[in-house]
Amino acid sequence: QLQFVESGGGLVQPGGSLRLSCAASGFTLNDYAIAWFRQAPGKDREGVSCISGFGGRANYADSVKGRFTVSKDSAKNTIYLQMHSLKPEDTAVYYCARRRGSLCSWTDYNYWGQGTQVTVSS
């Protein structure tokens, strides 16, 4: 059964760090591109970062470049999003999602996790 289990969200002060995890089951990470999206209240969902299947090339939204790093552990079948220098505008529910193919894009995702809340506030 295909499944994502996200974890690692929470409350952090501005300037702080968090690491999100997305544990996948039912398929092999290296066969698909996996992305992190986020959605803040009243805003559209936006792509944050994507990591391709074989090769693990990473893409980032301009708003998080230099602060966020995506990685994967193939042995654990898990994707990570390391977030540094967090800002209040990073507050959102963060989702991991699987794309239909192995190359990154911000469209054409057909499997989604349940989301994990990240709140950046003092």
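1. The side chain of R38 makes a polar contact with the side chain of D90 at 2.9 Å, and another with the side chain of S63 at 3.5 Å. A polar contact is here a pair of N or O atoms within 3.5 Å; within protein, one must be able to donate a hydrogen and the other to accept it, and residues adjacent in sequence count only if both atoms are side-chain atoms. R38 is found in strand β4 (residues 34-39); helices (H or I, at least four residues) and strands (E, at least two) are DSSP runs, numbered from the N terminus.

2. The model is predicted: local features need pLDDT of at least 70, side-chain atom pairs count only at pLDDT 80 or more, and totals for chains, interfaces and linings use all residues. Residues are numbered from 1 along each chain as its sequence is written, and side-chain values use heavy atoms, with hydrogens and water left out.

3. R38 counts as buried, at 5% relative accessibility. Buried means under 20% relative accessible area, exposed over 50%, and partly exposed in between (1.4 Å probe, protein chains only). Not counting residues up to four places away in sequence, R38 touches a list of residues including D44, R45, V48, V64, F68, E89 and Y94, where contact means heavy atoms within 4.5 Å.

4. The count of salt bridges comes to 5, a salt bridge being a side-chain nitrogen of Lys or Arg within 4 Å of a carboxyl oxygen of Asp or Glu. One of them joins the side chains of R38 and D90 (2.9 Å, N to O). This pair links distant parts of the chain, with R38 in strand β4 and D90 in the loop between β8 and β9, 52 residues apart. Both R38 and D90 are buried. The side chains of E46 and R38 also meet in a salt bridge (2.6 Å, N to O); E46 is partly exposed, with a relative accessible area of 33%.

5. A further salt bridge is formed by the side chains of R67 and D90 (2.7 Å, N to O). R67 lies in the loop between β6 and β7 and D90 in the loop between β8 and β9, so the pair ties together parts that are 23 residues apart in sequence. Through shared partners, salt bridges join R38, E46, R67 and D90 into one network. R67 counts as buried at 11% relative accessibility. Its contacts, not counting residues up to four places away in sequence, are Q82, M83, H84, S85, L86, K87 and D90.

6. The structure holds 2 disulfides, a disulfide being a pair of cysteine sulfur atoms within 2.5 Å. One joins C22 to C96, with an S to S distance of 2.0 Å. C22 lies in strand β3 (residues 18-25) and C96 in strand β9 (residues 92-99), so this pair ties together parts that are 74 residues apart in sequence. The link of C22 and C96 is right-handed, with 70° about the S-S bond. Both C22 and C96 are buried.

7. The other disulfide joins C50 to C104 (S to S 2.0 Å). It links distant parts of the chain: C50 is in strand β5 (residues 46-51) and C104 in the loop between β9 and β10 (109-112), 54 residues apart. This link is left-handed, with -90° about the S-S bond. C50 is buried, with a relative accessible area of 1%, whereas C104 is partly exposed at 21%. With the bonded cysteines of the protein chain numbered in sequence order, the pairing is 1-3, 2-4.

8. The largest nonpolar core has 26 residues, of which W36, F68, I79, L81, M83 and Y94 touch the most other members. Such a core is a set of buried Ala, Val, Leu, Ile, Met, Phe, Trp, Tyr and Cys residues joined through side-chain atoms within 4.5 Å. At least two residues of this core come from each of β3, β4, β5, β7 (68-73), β8 (78-83), β9 and β11 (116-120); β3 gives the most, with 4 residues. A second, separate core of 6 residues includes A33, F37, C50 and Y109.

9. Strand β11 has a covered face, T116, V118 and V120, and an uncovered one, Q117 and T119. Strands pair if DSSP finds at least two bridges between them. β11 pairs with β2 (residues 10-12) in the parallel sense over 3 bridges, and with β9 in the antiparallel sense over 3 bridges. V118 in β11 is the bridge partner of G10 and stands opposite A92.
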